[in-house]
Amino acid sequence: MVIVKSKVYPYLLMPQDKTQEEPTTSDRPNDERYDPQRVETKWFTRWQNDLSLYAADRDSTKKKYYVLEMLPYPSGALHMGHVRNYAIGDALARYMWMNDYNVLHPMGWDSFGLPAENAAIQNNTPPRQWTLGNIAKMKAQMKRLGFAYDWSREVTTCLPDYYRWNQWFFLKFYEKGLAYRKKSRVNWCPKCCTVLANEQVVNGRCWRHEDTLVEQRELEQWFLRITKYADELLRDLDKLDGWPEKVRTMQRNWIGRSEGTLVDFKLDGPAGPAGSTISVFTTRVDTIFGATSVQLAPQHSLIADLTASNPDLRAKVDELIAEQRKAREVGDIGEIEKHGVFTGRYAVNPFNHEKIPIWVANYILMDYGTGAIMSVPAHDERDHEFAKKYKLEIRLVILPLANDPEETATEPPLPYIGHEGMLINSGPYGGLDCADAIKKLSALAEENGFGKATITYRLKDWGISRQRYWGTPIPMIYCEKDGIVPVPEKDLPVILPEAVDIAHAVGSPLGSLPDFVNATCPKCGGPARRETDTMDTFVDSSWYFYRYTDAHNDRAPFDSKIAQYWFPIDQYIGGVEHAILHLIYSRFWTKFMRDLGLITNDEPIKRLFTQGMVIKEGAKMSKSRGNVVSPDEMVARYGADAARLYSLFAAPPDRDLDWQDSGIEGIRKFLARVYRFVIRNAGITSTTSVETSLATSLPPPLSPEARQIRRKLHQTIKRVTDDFQGRWHFNTCISAIMELVNALYAYEEIQGVGRAPSPASETSPDGTQILLAEVQRSLVLLLAPFAPYLAHELWEMLGEKENLLKARWPKYDAALAKEEELVIPVQINGKLRSRISVPADAPESLVLERALADEKVQSFIAGKQLVKKIFVPGKLVNIVVK
């Protein structure tokens with residue numbers, strides 16, 4: 001984790017501003033005091049009265065830009081971690097508006113989910129009431145923070161007008177054979193008689209009944225066949241060059257494509273209901289003669305047979321399951337301390353007919369491969385560790401090739417995991433190289449019917465069934481005569497009942513409602529039973545961004561032509577914790593919609609940005625940890641602009657931010673300085689004609705100090721523009737604006753503080769006045785994406801009539817941004833000895849002449865022989881002497 005600590009940077013306070021602290025009424029006129037509450041209340045009221053202010057144009061010829069932050073779960077209130085995420089997207093949206101784009105910037109609510117059920121139980125509040133109340137609070141916070149959302153497109157996933165289309169999509173998956181039922185293991189609380197989410201299992205016990213151990217049970221569950229798209233999901237990652245490489249790598253690993261061999265080991269001795277075959281997948285079938293055991297995941301289907309008459313073995317397997325669960329709760333299960341138990345049974349290796357022991361091990365996972373492995377301890381690190389611990393045989397079967405063909409290969413240190421070598425101790429296959437052996441052994445397995453070359457994926461089909469209340473009802477009916485029958489589209493939505501006693505429900509809450517459960521079969525007209533499972537909430541967030549484009553459509557999820565205009569999303573912003581599930585499911589859903597003919601794009605998101613977390617007291621800011629900083633408090637004390645600006649300034653957006661209250665106080669003072677400067681000099685702008693383009697030369701004469709201000713202005717415009725278009729280091733954007741303000745204050749000191757020309761005395765403004773007018777105007781434009789309240793107030797002070805949101809972004813002139821003089825370091829034998837000032841376009845001869853003439857340089861080279869003069873244009877001079 002990389003954490004960038006926030007601090008008050010020196011240029012917040014330098015050069016010394018004699019009015020750094022907010023002046024009292026006796027110190028200055030009232031209109032020169034920056035009162036964020038007065039300014040922000042004024043503009044908040046205006047913005048609320050303009051319902052179309054942030055609306056995207058429906059029939060625009062402008063280039064489109066769809067910027068989106070991941071929609072939040074309405075947990076109760078925003079904290080500053082949320083504010084940082086939304087401030088990034090809001091700054092980008094405002095910048096794109098000012099660059100004449102047709103911008104879509106919506107917001108909605110991922111409002112189904114487990115926390116609402118928990119709150120209902122703890123607070124005796126219905127989930128719908130709790131959720132909608134939280135949405136109202138969070139929406140009010142967002143509006144007060146000045147986020148530029150088009151609320152006419154608001155989406156709330158727990159309302160029927162949205163989840164109706166979840167159900168419609170489910171029916172389409174079912175029609176295409178991509179929605180199906182199968183048995184799957186779940187966490188089961190025997191006292192609640194219901195399924196628990198992983199988050200509801202604490203130390204192996206039910207979160208509501210701490211004395212009740214959670215069991216593993218197999219239940220019929222609904223799945224979506226995402227694996228049909230596994231190859232495409234993997235392949236198309238190469239198209240996503242606007243995504244962080246770490247996210248693409250995480251998705252590649254999660255999809256986990258592996259080429260290898262499926263091998264069937266036969267159970268030695270009597271077989272039970274689960275059969276007599278143990279299928280294992282291996283990418284290294286060339287090592288199969290080194291297999292000295294077969295290891296099963298504790299949840300493997302064969303375990304029930306092996307433990308049926310052995311309660312001691314069953315108890316030990318349960319301990320392994322508990323160890324796995326605890327490792328998952330803590331973090332990386334890959335780091336689990338390896339434990340296992342011998343079952344007392346053996347399996348037969350089909351290649352050499354050797355009987356090898358069957359173990360159950362806690363590091364073997366049921367959701368990876370087949371849930372069983374052949375253990376080759378000489379050539380696998382985990383198998384080697386396990387074999388050493390339990391004193392299992394370790395048999396070398398791959399010998400690394402010698403570097404010199406004339407040399408004899410020697411036995412390597414174990415485990416040897418190299419892929420290049422020669423087989424030994426492998427029967428008739430000894431002497432083959434690894435690659436040839438894999439081909440021949442895979443072919444042999446297929447010829448003899450005990451295996452075949454195959455491709456597997458770590459990615460499994462998506463289980464969407466949830467035995468909980470607060471989610472989208474699955475639109476299926478069970479009829480004794482006709483079996484599973486889909487709800488007709490005309491009968492959608494299947495409405496989620498509201499009067500449900502979740503706190504006292506036994507089993508699925510919907511199952512206790514006869515009016516919901518009892519249905520009529522749409523096929524035969526006879527009595528039937530409605531599905532009582534609800535959908536995984538990742539369904540809601542897999543396609544919501546398409547609904548934003550046509551949020552009130554009651555005939556389809558969205559209009560295809562409208563979606564075609566807006567997609568793909570130009571910029572998506574959210575936490576890296578969503579890199580796998582949400583983003584993979586979203587990509588899958590897009591590909592399925594494409595195959596339905598709803599859209600033409602293959603991918604939903606062109607560019608992805610994952611912002612860093614906000615850290616406080618050494619941990620991620622979150623309600624559960626009790627370390628949240630409320631934006632309401634920050635807005636009340638410092639203003640919304642200061643809260644937004646600090647969240648962008650304190651660290652690069654992709655790094656973690658360590659929250660410091662002292663930092664936001666420094667930002668408030670900076671905004672006050674900007675306010676005082678503009679109010680003192682606004683009279684110049686109101687009487688001076690200013691061109692909107694800054695790429696024109698100003699009329700002479702300008703003093704050297706004025707030219708420096710002009711240069712600083714164009715350098716600042718370039719830095720801020722480049723950051724928006726490139727690396728998104730908004731902290732350096734804001735620091736550049738601060739440096740410009742410091743330069744303006746220093747210029748004021750030279751000219752005399754507050755001595756702007758009087759409008760009555762000026763009939764023909766000179767170049768300095770025009771420059772100052774342009775600087776003020778550009779300063780406000782640069783500040784607008786980051787501190788919109790203050791920027792709008794200052795824009796009005798400057799006499800501007802145009803809507804600042806759509807005002808043209810300032811352009812920089814490279815010639816005017818160029819330094820007139822450069823400071824060049826001078827080294828003697830590679831050590832810095834002096835610095836010289838030269839014209840920016842000075843030729844090499846002049847730079848070397850001044851370097852040699854410098855007094856400090858002369859003192860180091862006096863009496864020595866000049867060997868070489870090295871000149872790096874614009875960078876340095878190095879003089880070599882002896």
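Leaving aside neighbours within four places in sequence, Q141 is in contact with A77, L78, P631 and D632. In this predicted model, Q141 belongs to helix α4, which covers residues 127-144. With a relative accessibility of 7%, Q141 counts as buried, because buried means under 20%. The C-alpha atom of Q141 is 13 Å from that of G81, and the two residues are 60 apart along the chain.

**The protein as a whole**

The protein has 882 residues, of which 54% are buried. Its secondary structure comprises 25 helices and 35 strands. The C-alpha trace spans about 105 × 85 × 50 Å along the principal axes. Of the contacts between residues at least 6 apart in sequence, 73% join residues at least 24 apart.

**Helix α17 and its partners**

Helix α17 runs over residues 640-649 and is mostly covered, with 10 of its 10 residues buried. The buried residues are A640, D641, A642, A643, R644, L645, Y646, S647, L648 and F649.

One partner of α17 is helix α2, residues 80-98; the two pack at an angle of about 90°, with axes 9 Å apart. At that angle, α2 is roughly perpendicular to α17. On the α2 side the contact involves M80, V83, R84, A87, I88, D90, A91 and R94, and on the α17 side A643, R644, S647 and L648. By class, this contact has seven nonpolar, one polar and four charged residues.

Helix α22, residues 788-797, also packs against α17, at an angle of about 120° and with the axes 7 Å apart. That angle makes α17 oblique to α22. A640, D641 and R644 of α17 meet P788, Y789 and L790 of α22. The residues here divide into four nonpolar, no polar and two charged. R644 takes part in the contact with α2 and also in the contact with α22.

**R594**

R594 is located in helix α15, which covers residues 581-596. Is this arginine, R594, buried or exposed? R594 counts as buried, because its relative accessibility is 18% and the cut-off for buried is under 20%.

Which side chains make polar contacts with the side chain of R594? One is that of E232, at 2.5 Å. Another is that of D602, at 2.9 Å. Apart from neighbours within four places in sequence, the residues in contact with R594 are Y229, E232, I599, T600, N601 and D602.

**Cysteines and other buried positions**

A search of the whole structure finds zero disulfides.

| Residue | Relative accessibility | State |
|---|---|---|
| Q141 | 7% | buried |
| R594 | 18% | buried |

Terms used
Residues are numbered from 1 along each chain as its sequence is written. This is a predicted model: local features need pLDDT of at least 70, side-chain atom pairs count only at pLDDT 80 or more; totals for chains, interfaces and linings use all residues. Side-chain values use heavy atoms; hydrogens and water are left out. Helices (H or I, at least four residues) and strands (E, at least two) are DSSP runs, numbered from the N terminus. Buried means under 20% relative accessible area, exposed over 50%, partly exposed in between (1.4 Å probe, protein chains only). A polar contact is a pair of N or O atoms within 3.5 Å; within protein, one must be able to donate a hydrogen and the other to accept it, and residues adjacent in sequence count only if both atoms are side-chain atoms. Contact means heavy atoms within 4.5 Å. Axes are lines fitted to C-alpha atoms, for helices over the stretch in contact, and angles run from 0 to 180 degrees between N-to-C directions. Angles under 35 degrees count as roughly parallel, over 145 as roughly antiparallel, 65 to 115 as roughly perpendicular and the rest as oblique. Ala, Val, Leu, Ile, Met, Phe, Trp, Tyr, Cys and Pro count as nonpolar, Asp, Glu, Lys and Arg as charged, and the others, Gly among them, as polar. A disulfide is a pair of cysteine sulfur atoms within 2.5 Å.
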